[in-house]
Amino acid sequence: MIYLNNVSKTYPNGTVGIKPTSLSIEKGEFVFITGNSGSGKSTLLKLMLKEIEPTHGKISINNKEITKLRRRQVPYLRRDIGVVFQDFRLLPNKTVYENVAFAMQVVQATNKEIRRAVPVVLGLVGLAKKARCYPHELSGGEQQRTAIARAIVNNSPILIADEPTGNLDPATSWEIMTLLQDINLRGVTVIVATHEREIVNVMKKREIEVNSGMIVKDIYEEGYEDEMEYHQVPL
């Protein structure tokens, strides 16, 4: 689903974001990208989202070489990728329902499609009763759930979460990770950039560790379901 072939990125000031790297992420995988601040993991995500261009190499997503996409084609690429940020990035003057609906309006969904899809996805993330609330009326966890609903409402096959638990307390962090796991079990490829070592250790998903612009570890461990169950918080 995602393939980087000998990709590197050097910024105009000479800073090396990513050294020559090849990487593949298959459909339906759940992958953690880990590394300290400045390690290169943010550069890796931005390359996947085509927010920046590689200095060298090729990137393919869903069998499309995105390095060859023209600017006007980029919005169509991003319909296939839902994104969740650490700081939620909700529209403060819109309700939960309107924030999620806005993601569908951007891709020109019909009002009928919006009325059908938004309540379903709000139910999935446990916010059916919060549809008319504004972001300032929500807890941090509820705001992040809203951001996740917005990211998946268009049925994007890929979900990228950049430090999704960075502003949350430990209990709420586990709620969010349990929700992301449930979304992954529905067939969505989930990529989570995080520095939360405990979450990575307990969930035992594939881990790609980046250090000084290089992938220094790429490990997939099985047998994660039993350990994850211990930390699950009811949705």
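**Close-up views of a predicted model**

**View 1. Helix H4 at the second largest pocket.** Helix H4 (residues 111-124) is the top contributor to the lining of the second largest pocket, supplying 4 residues. This is a predicted model, where local features need pLDDT of at least 70, side-chain atom pairs count only at pLDDT 80 or more, and totals for chains, interfaces and linings use all residues. Residues are numbered from 1 along each chain as its sequence is written, and side-chain values use heavy atoms, with hydrogens and water left out. Helices (H or I, at least four residues) and strands (E, at least two) are DSSP runs, numbered from the N terminus. A pocket here is an open set of points on a 1 Å grid over the protein atoms alone, where a 1.4 Å probe fits, with protein on both sides within 12 Å along at least five of seven lines; lining residues have an atom within 4 Å of a point.

**View 2. Inside the second largest pocket.** Its volume comes to about 300 Å³, counted as the space filled by probe spheres set on grid points joined across faces, edges and corners. Of the 14 lining residues, Val121, Leu124, Ile152, Val153 and Asn155 sit closest to the centre of this pocket. The lining splits into 10 nonpolar, 3 polar and 1 charged (nonpolar: Ala, Val, Leu, Ile, Met, Phe, Trp, Tyr, Cys and Pro; charged: Asp, Glu, Lys and Arg; polar: the others, Gly among them).

**View 3. The largest pocket.** This one has a volume of about 620 Å³. It is lined by 20 residues, and the closest to its centre are Arg78, Ile81, Val83, Ala103 and Val106. At least two lining residues come from each of helix H2 (74-78), strand S6 (81-85), helix H3 (96-106) and helix H5 (140-152). Sorted by class, the lining holds 11 nonpolar, 4 polar and 5 charged residues.

**View 4. Helix H1, tucked in.** Helix H1 (residues 41-48) has 6 of its 8 residues buried, so the rest of the structure largely encloses it. Those buried residues (under 20% relative accessible area, 1.4 Å probe, protein chains only) are Lys41, Thr43, Leu44, Leu45, Leu47 and Met48. After H1 comes Lys50, with a positive phi near 60°.

**View 5. Stepping back to the chain.** The chain has 8 helices and 10 strands, and its C-alpha trace spans about 50 × 45 × 30 Å along the principal axes. Buried residues account for 49% of the 235.

Notes
Buried means under 20% relative accessible area, exposed over 50%, partly exposed in between (1.4 Å probe, protein chains only).
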